[in-house]
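Here are my notes for your first read-through. Please keep the model open and find each residue as you go.

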Amino acid sequence: MNSTDNTVKREPVSVVMIGAGNRARKYLEYILSTPERVRLAGVVDSNPLRRESIASRCPSLSEENIYSNVDDFFARGRIADAVIIATPDDCHYAHTMQAIRLGYHVLLEKPIAQTEAEAEDIARASRDAGVVVNVCYVLHFHPYFRTLRELARSGELGEIVAINHCSPVGIDRATHVYVRGGWGQKSTSGPLFTSKCCHDIDFLLWLTGSPCKRISSQGSLRWFTPDNAPIGASQRCVDCLAEAECPFSAVDLYRRRREWVKNFDVPAGHTLDDTIETELTGGRYGRCVYHCDNDVVDRQTVAIETDSGVLINISMDVFTTESHRKTHISLTKGEIRGDEHGITVTTFRPRENRYIDFSHTVGAPFHAGADLATVANFIDAVRGMADESATDIEAAVYSQHVCDAIEEARQKS
Ligand SMILES: NC(=O)c1ccc[n+]([C@@H]2O[C@H](COP(=O)([O-])OP(=O)(O)OC[C@H]3O[C@@H](n4cnc5c(N)ncnc54)[C@H](O)[C@@H]3O)[C@@H](O)[C@H]2O)c1
C-alpha cells in the first residue's frame, strides 16, 4: 500500500508519532477528531512525560506500542502506514531515512533536514520507495496566507514586481526559543533564519512561483553575548542585581507574566508553579540571556531577485513585541498590504481600496486550523488522493536550497 497504488485507501490510516512534544500534541488533535480517517498506532519519545501525555489521550494504545527510543520502534519493522516526525531538527534526517527505508509514509516537521544534501537524499529515497513525504509548511493551509497568495496571483492586479516582507520573531519567543531554548545553537538546530523563516521562504516561493536568481543577506549575533551583560548581571535571573530593569528577565517572562510556560513538563505530583521555580533556579530557562550557549543570529535581512524579476526583501525581526507577519506586494496594476489581521487591496485605476478582514483568524487555535489541515492533507495524500498544496518533499527541497543559499550569503557578507 503506497501512494503509487492509485487506489484510495478506505480504512483509517495508521500513524505513529515520533517525538511527542509541542507540535505532536497539535497534530494529535486531528487524529483524535477524525477516527474514521486516521488512528494512532504508536508513540515514540525519549521523555516519559511526553510519551505518556500522548498515550493517556489514546487509551486503546497498547503498552508495546509506546516506545522510549526510535531504535526499538524501527526494529519492529513496519507496523503502521505512516509516521509523523516531530523530533528536534537534528534528528529529522536520520529518523526520516529510517522510516522511508521501512516503507512508511512520512509527515515531517520543518526544517526538512540540516543541509540541502540531506534534504535531497530524503527526496530521492522517497521517490525510490514510492512513499509520500510531506513537510509541515503550515502556511499553505492558513486562510490568511492562502488568500494573500490567491490575490497576488489572480491577475486582477497585474504582475508582481516586488515584495517587502517582515517576519517578526518577537523578543519573548527569541529569548525563550533561540537564546535559552533548544534552537540557540547552529550545530544542533541550524541557522535561526532557516528554523524560523523557512516558512516565509517557502511561502514566498509558492506565492511567486519562480526560482531565485540572486540572493544576498546580512545578519549576526548582535546583543545576546557576555559583552553586553549589564553590571551586576549574574548567571541566573533569580539572583541577578540587574533583574528589575532587564527587558529579558526570565523571572519577568515566566514567573510574573507566565508566558511561554505551556511547554514546561510538569512531573506528577508537581504544579506548574513548582516547575517554573525549578527552571528559574536550575533549568535552562532560568539562565541570563547574556550568559547562554547561543550562537545563532539575532537579526537578519535577506534580498532575493527571482528568475521572473520579482525583488523580495525580507526582514527577520527579533527586537520587537510584534508577532504577526507583514507583507506588502507591489504589482503592475495595484498593491496588496497584509498584516495577518486583514488585507488591503488597492487598484491604481480606478484608485480604490478594499479590505478583507482576518481578525477572526489571528490567534485562532492550531495556526487558525492550518496545523490540522496539514495532517488532513497528508492523510489524503497517503490515501491516494491528489495533493495540490505543494508541501510535498519535491517542492520543499527547493525551499531548503534557498535557505542554505541565504545562510551562505550571510556568512560571505
Ligand atoms: N511547523 C511549525 O509551525 C513548527 C513550529 C514549531 C516547531 N516546529 C518544528 O517541530 C519539531 C518539534 O518541535 P517541538 O516544538 O514540538 O519540540 P519539542 O521539544 O516540544 O518536542 C520534541 C520532542 O522530541 C523528543 N525527542 C527528542 N529527541 C528524541 C529522540 N532521539 N527520539 C525520540 N524522541 C525524541 C523530545 O523529548 C520532545 O518531546 C522541530 O523540528 C521544530 O523545528 C515546527
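Predicted model: local features only at pLDDT ≥ 70, side-chain atom pairs only at ≥ 80, totals over all residues.

1. Now place Arg257 in the chain. Arg257 sits in the loop that joins helix H10 (250-256) to helix H11 (272-282). Leaving aside residues up to four places away in sequence, Arg257 touches Asp172 and Asp252. Lys213 is another matter. Arg257 and Lys213 are 44 residues apart along the chain, and their C-alpha atoms are separated by 45 Å.

2. Turn to the ligand. Which residues come nearest? They are Asn22, Arg23, Asp45, Asp89 and His92, out of 21 residues around the ligand. By class, this shell holds five nonpolar, ten polar and six charged residues.

3. Arg23 uses a backbone N or O atom, 2.8 Å from a ligand oxygen. His92 uses a polar side-chain atom, also at 2.8 Å from a ligand oxygen. Lys110 places a polar backbone atom 3.3 Å from a ligand oxygen. The ligand on its own has 850 Å² of accessible area, and the protein covers 82% of that. Helix H1 (22-33) and helix H4 (92-101) are the elements that give two or more residues to the shell.

4. Next, the aromatic rings. The count is 15 aromatic pairs. Take Tyr144 and Phe358: their ring centres are 5.5 Å apart and their planes meet at 85°.

5. Tyr144 counts as buried because its relative accessibility is 0%. Phe358 is buried too, with a relative accessible area of 6%.

6. Phe145 and Phe203 form another aromatic pair. It is edge-to-face, with 5.2 Å centre to centre and 75° between the planes. Phe145 lies in helix H6 and Phe203 in helix H9 (residues 192-208), so the pair links distant parts of the chain, 58 residues apart. Both Phe145 and Phe203 are buried.

7. Tyr144, Phe145, Phe203, Trp206 and Phe358 form one aromatic cluster.

Definitions and conventions. Residues numbered from 1 in each chain as written. Heavy atoms only, no water. Helix = DSSP H or I, 4+ residues; strand = E, 2+ residues; numbered from the N terminus. Contact = heavy atoms within 4.5 Å. Near = heavy atom within 4 Å. Polar contact = N/O pair within 3.5 Å; in protein donor to acceptor, adjacent residues only side chain to side chain. Areas by Shrake-Rupley, 256 points an atom, 1.4 Å probe, with all protein chains shown as cover. Nonpolar A, V, L, I, M, F, W, Y, C, P; charged D, E, K, R; others polar. Phe/Tyr/Trp six-rings, centres within 6.5 Å; stacked < 30°, edge-to-face > 60°. Buried < 20%, exposed > 50% of the residue type's maximum accessible area, 1.4 Å probe, protein only.
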